[in-house]
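Please keep the sequence and the model side by side while reading.

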Amino acid sequence: MPNGCDYNLIVIGGGHAGAEAAWAAANRLHPEFDGSGGAASGGAASGGATSGGGRVALVTMDPSKIGAMSCNPAIGGLAKGQMVREIDAMGGLMGLAADATGIQFRILNISKGPAVRGPRCQSDKYAYAREVQRLLATRRNLDILTGAVEDFIIEDGQCMGIVFNPNPQSPTPNPQPLRANATILTTGTFMRGLMHTGPSQTPGGRVGEAPAVGISAALTKLGFELGRLKTGTPPRLAAESIDFSNLELQPGDDDPTPFSEMTLRKPAGSFPATEQRPCWITHTTQAGHDLIRANLDRAPMYNGQIETAGPRYCPSIEDKVVRFADRNSHHVFLEPESLETNEIYCNGISTSLPADVQEQLVRMMPGCENAVILRHGYAVEYDMVWPHQIDATCMTKQVPGLFLAG
């Protein structure tokens, strides 16, 4: 390994960005790999690396959550679908994983011109994560390391690796240095993540998963300017508790289009690879909007509990009701999350309202009068690094060798 390093590259975080970074680096350091999950002609069989080349480490607090779809169980959509195709053109894995595990494929805006169409795939979220993990496992020059990052190794102003703690919950932690020529930070919503459902606050970047607390302090110590962002997720419903009989059916395309060019090369009839499922459309009601307005004092975004901004492309139902006061309903798309479970994703009512308000709101929607909520919606606040501190390569300007993504 050059310069006495343990790895050529360390990737921190195993979400979408971290998986792509690890995949790209493993392929780049072993050019005999093609981008399909195997090896190119003349390379190692079954994804095995030949001798030579470099090594990559992906550091995550829970390897079973690599590739997890935190919120919407879908890949692509308007604008986002083009990005997935671009990732595929550069040899990424998202399109491959989506094609292998999608349970509905649709081209949005198909009646309009090609420039505004958006490929979208409703994914089996559990199968998708397993497929991402399977693809990464084909790269034998990629090590998956379980643990938490406590600090960065800085030498002569350059990032030369991390201080890694493989046992963050231990009463006697034993952090150790891991050296690398470059480090990519892809922590998503986990840096000092805090989840909100009404007045209830739980530390974490995702339900049941602890936040990453050491990295923010390490970045601040290096002089980075941090901020806070907010995003949210809607409640999940039990499919058997919903009356779909009078709801508008939203099927997939009769002739589905895959994301990946490598899927197109496969034999005819091999795509789609899984059973296809429909979605359904319901809507919020005037009574539901009145309920939200009556409880804004209990909504974390409106009572001062959350002060950070959320993404414009994914407003909460509270935002919609306040900003579009003239509307008496909004579409809600009921989307199956998996072929393996009964979970239905309520696309359109992302919320951090208290659980009792969510129960009432959901049951005011047609078809959901007797719906059972499996998991309530919540908002999550998390730290981020303001992007003016990176250059066009995503490397930080003040600490060469440290890159930010995701």
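Which strand order does the open sheet of four strands have? The order is E11-E10-E19-E12, and the pairing is antiparallel. The model is predicted, so local features are given only where pLDDT is at least 70 and side-chain atom pairs only at pLDDT 80 or more, whereas totals for chains, interfaces and linings use all residues. Residues are numbered from 1 along each chain as its sequence is written, and side-chain values use heavy atoms, with hydrogens and water left out.

**Sheets with antiparallel pairing**

Helices (H or I, at least four residues) and strands (E, at least two residues) are DSSP runs numbered from the N terminus, and two strands count as paired if DSSP finds at least two bridges between them. In the sheet of four strands, the edges are formed by strand E11 (200-203) and strand E12 (226-233), each of which pairs on one side only. From one strand to the next the twist averages 25 degrees, where axes are lines fitted to C-alpha atoms, for helices over the stretch in contact, and angles run from 0 to 180 degrees between N-to-C directions. E12 is joined to strand E19 (residues 378-385) by eight bridges in the antiparallel sense, and Thr-233 has Tyr-378 of E19 as its bridge partner.

An open sheet of three strands, also with antiparallel pairing, has the order E3-E5-E4. Strand E3 (74-76) and strand E4 (102-108) each have a single partner strand, so one side of each is left without a neighbour in the sheet. Neighbouring strands here are turned by 20 degrees against each other on average, direction ignored. E3 and strand E5 (residues 118-123) run antiparallel and are joined by three bridges, with Ala-74 opposite Gln-122 of E5.

| Strands | Sense | Bridges | Example of bridge partners |
|---|---|---|---|
| E7 and E8 | antiparallel | six bridges | Ala-148 and Asn-165 |
| E1 and E9 | parallel | five bridges | Leu-9 and Ala-182 |
| E1 and E2 | parallel | four bridges | Leu-9 and Val-56 |

A residue is called buried when its relative accessible area is under 20%, exposed when it is over 50%, and partly exposed in between (1.4 Å probe, protein chains only). Strand E8 (residues 158-165) is mostly covered, with six of its eight residues buried, and in strand E1 (residues 7-12) six of six residues are buried. The hairpin of E7 and E8 has two residues between the strands, and Asp-156 takes a positive phi near 55 degrees there.

**Helix H4**

Does the span of helix H4 agree or disagree with 1.5 Å a residue? The 13 residues of H4 (residues 125-137) should span 18 Å, and the end C-alpha atoms are 18 Å apart, which agrees; the expected span is 1.5 Å times one less than the number of residues. Among the buried residues of H4 are Tyr-128, Val-132, Leu-135 and Leu-136.

Thr-189 is found in the loop between strand E9 (176-185) and strand E10 (194-197), and it is buried because its relative accessible area is 18%. Contact (heavy atoms within 4.5 Å) links Thr-189 to Gly-205, Thr-231, Val-380 and Tyr-382, not counting residues up to four places away in sequence. A polar atom of the Thr-189 side chain lies 2.8 Å from the backbone oxygen of Gly-205.

Ala-239, in the loop between strand E13 (236-238) and strand E14 (248-250), is partly exposed, with a relative accessible area of 22%. Ala-239 touches Phe-244, Asn-342 and Ile-344, again not counting residues up to four places away in sequence.

Rings of Phe, Tyr and Trp (its six-membered ring) pair if their centres lie within 6.5 Å, and planes under 30 degrees apart count as stacked, over 60 as edge-to-face and the rest as tilted. The count comes to two aromatic pairs by this rule. The rings of Phe-105 and Phe-271 have centres 4.8 Å apart and planes at 65 degrees, so this pair is edge-to-face. Phe-105 lies in strand E4 and Phe-271 in the loop between helix H6 (261-264) and strand E15 (279-283), so that the pair links parts of the chain 166 residues apart. Both Phe-105 and Phe-271 are buried.

Note on methods: Polar contact = N/O pair within 3.5 Å; in protein donor to acceptor, adjacent residues only side chain to side chain.
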